[in-house]
Amino acid sequence: MLIPIVLSNQSPTRAGVRRTSAGLGKGEYTMPGFTPGRRWQPPFYPFKRESFGQRALEQVERWVKGPLFGCRMCGNCLLQETAFICSMECPKGVRNGPCGGSTEAHCYVDETRPCIWYRIYERSFAMGREHKLLEVLPPLDWDKVGTETWADVVVQLRKVGVGKFARGMLSRDVAVRAGTWDSVFRPIRQPDWWQGDSEYHPPAYTEPISNLERRLRAGEFVVTAEVAPPMSAATGKLCSNVEMIRPYVAAVNFTDNPSATPRMSSLACSLMAIQNGAEPVMQIAARDRTRMGLQSEVIGASALGVRNILCLSGDHSRMGPAPLGRSDVVDLDSIQMLWILRRMRDEGHYLDGRNLKERPRFFLGAAAAPFASEPRFQALREQKKVNAGAQFFQTNLVYDPDGLEVWLNELAKRNILDKVYVLIGITPLKSLKMAQHMHHEIPGVFIPEKLLKRMEAAGDGAAEEGVAIALELIEAIKGKQGVHGIHLMAVGWEEIVPRLVTEAGLLPPDFVPPDTVPPGRARETAAR
């Protein structure tokens with residue numbers, strides 16, 4: 001197999017794709033013309049004592065792969081799956097695709113560098129290799145970090161057999177060549193404790209786990225809403241907000257330290273919601289979790305009665321208050337979280353392979369970002385989340401129904417709208433200042449100019465204009481293909497939720513006005 005390499009002065013994301021004259025099929029490995037990579041962050045070094053020969057080989061690999069690919073020596077190389085651009089250049093350290101703040105212009109964490117995952121997706125699509133991005137890739141094995149990977153290839157090649165590998169790669173059958181290549185490289189990138197793939201894995205249970213899931217399965221157009229966790233140990237306002245919106249929604253979300261700012265934990269808020277008769281959606285941000293902490297927390301949450309879990313990457317610590325916490329490595333990304341939690345629930349074992357005597361039970365969700373990056377890139381990212389285990393999406397804020405339609409069409413092309421429930425994020429704008437902040441400062445949020453002008457023209461009536469805009473958006477969105485509900489994010493304006501739900505005509509079928517709910521009825525409803 002020929003692998004043409006052409007050094008040029010073109011951008012690595014704009015360089016043309018070279019192919020052999022025999023033609024290459026899906027699954028084969030080609031390399032486009034590219035400029036040498038830049039290592040935006042320093043390379044890793046081993047966390048253990050090694051022999052002189054190992055250190056020498058590592059240094060050679062560091063010298064070669066650094067200038068060519070920006071390699072950081074993670075010891076868990078994925079270059080073939082990421083279009084020969086090192087994904088570890090992402091400041092978040094995510095290994096399964098861009099975050100919700102991805103843009104063509106720059107990285108939202110560090111504006112001096114490009115978004116590495118945008119470049120990976122752009123090059124992959126140009127090479128016709130985007131299918132490789134669907135494989136759920138494992139988190140780092142820190143025993144390998146800083147070590148070389150070439151020896152692993154040699155060892156696996158010997159296991160397969162050098163002659164067998166050579167004959168397979170000389171075959172005229174595209175499938176044979178692809179399978180032969182994978183026989184060496186797949187065991188390296190997919191260790192026994194992970195075994196990720198690019199396939200859809202439907203839930204391994206039949207009866208709904210949560211009330212939210214039951215309503216969605218029944219075809220109900222649902223409403224969920226966020227209640228902001230308190231910034232102190234006081235719980236009075238939290239409980240009153242939950243009690244106020246509970247009759248109007250199917251479930252109540254609790255964010256997990258949004259804007260990288262500490263608040264009461266989502267788990268604690270979820271428990272208080274259960275105690276107040278509401279069904280919670282517990283958000284878990286990958287930013288603050290290790291693989292050990294994640295598994296421990298979800299087992300505890302399940303034991304306490306939490307039945308809905310939303311996995312997301314979380315805002316980078318750069319968005320939080322000083323002093324800046326460590327920000328170079330995320331132990332898990334949101335897709336890896338989904339993969340681990342789905343296997344705990346459906347296959348009954350921990351990440352390390354130990355069996356679970358009692359499996360946790362939860363309805364798994366993920367965040368989606370219709371306006372981050374390009375719609376086709378985001379659609380592939382959402383498909384990967386669905387494959388990993390996401391059963392419902394709650395999207396980032398949507399203010400452009402036409403732009404949302406483009407994203408939904410891209411999801412339809414990937415045949416996933418029948419595999420996931422989509423709840424569209426709506427936030428009522430309370431002021432022009434709030435609208436401008438969201439448009440200019442919040443990654444993945446786009447507010448059309450006409451809406452900004454309406455908020456400006458409203459003057460002192462901006463809050464009322466924001467409510468009118470929210471109701472118009474809900475009306476425009478609720479009839480679109482693949483949309484199963486609305487997710488209201490009131491951002492500290494929880495008292496507006498009952499009005500929005502009522503005026504939008506989205507009261508639940510079993511709605512009972514709050515002042516007529518008999519004692520104990522709320523808890524019974526949540527228990528069902």
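**Figure 1. Surroundings of Thr255 in the predicted model.** Setting aside neighbours within four places in sequence, Thr255 has contacts (heavy atoms within 4.5 Å) with Glu226, Pro229, Ser266 and Gln283. Thr255 belongs to the loop that runs between strand E2 (251–254) and helix H8 (266–275), where helices (H or I, at least four residues) and strands (E, at least two) are DSSP runs numbered from the N terminus. With a relative accessible area of 11%, Thr255 is buried, a class that means under 20%, whereas exposed means over 50% and partly exposed lies in between (1.4 Å probe, protein chains only). This is a predicted model, in which local features need pLDDT of at least 70 and side-chain atom pairs count only at pLDDT 80 or more, while totals for chains, interfaces and linings use all residues. Residues are numbered from 1 along each chain as its sequence is written, and side-chain values use heavy atoms, with hydrogens and water left out.

Figure 2. Eight strands form a closed barrel in the order E1-E2-E3-E4-E5-E6-E7-E8, with parallel pairing, two strands being paired if DSSP finds at least two bridges between them. From one strand to the next, the twist averages 30°. Helix H10 (residues 334–346) packs on the sheet, where it touches strand E3 (280–285), strand E4 (308–312) and strand E5 (363–368), and its direction makes about 150° with that of E4; axes are lines fitted to C-alpha atoms, for helices over the stretch in contact, and angles run from 0 to 180 degrees between N-to-C directions.

**Figure 3. Pairing of strands E1 and E2.** Strand E1 (residues 222–226) runs parallel to E2 and is joined to it by three bridges. Thr224 has Ala251 of E2 as its bridge partner.

Figure 4. Leu57, Val60, Trp63, Val64, Leu68 and Trp150 make a nonpolar surface patch of about 500 Å², the area coming from the Shrake-Rupley method with a 1.4 Å probe and, for residues, with only the protein chains shown as cover. Helix H1 (residues 52–69) supplies the largest share of the patch, five residues. Trp63 is placed in helix H1 and counts as exposed, at 59% relative accessibility.

Conventions
Patch = residues over 30% accessible without salt bridge, like charges linked within 9 Å, V, L, I, M, F, W, Y side chains within 5 Å. Salt bridge = Lys/Arg side-chain N within 4 Å of Asp/Glu carboxyl O.
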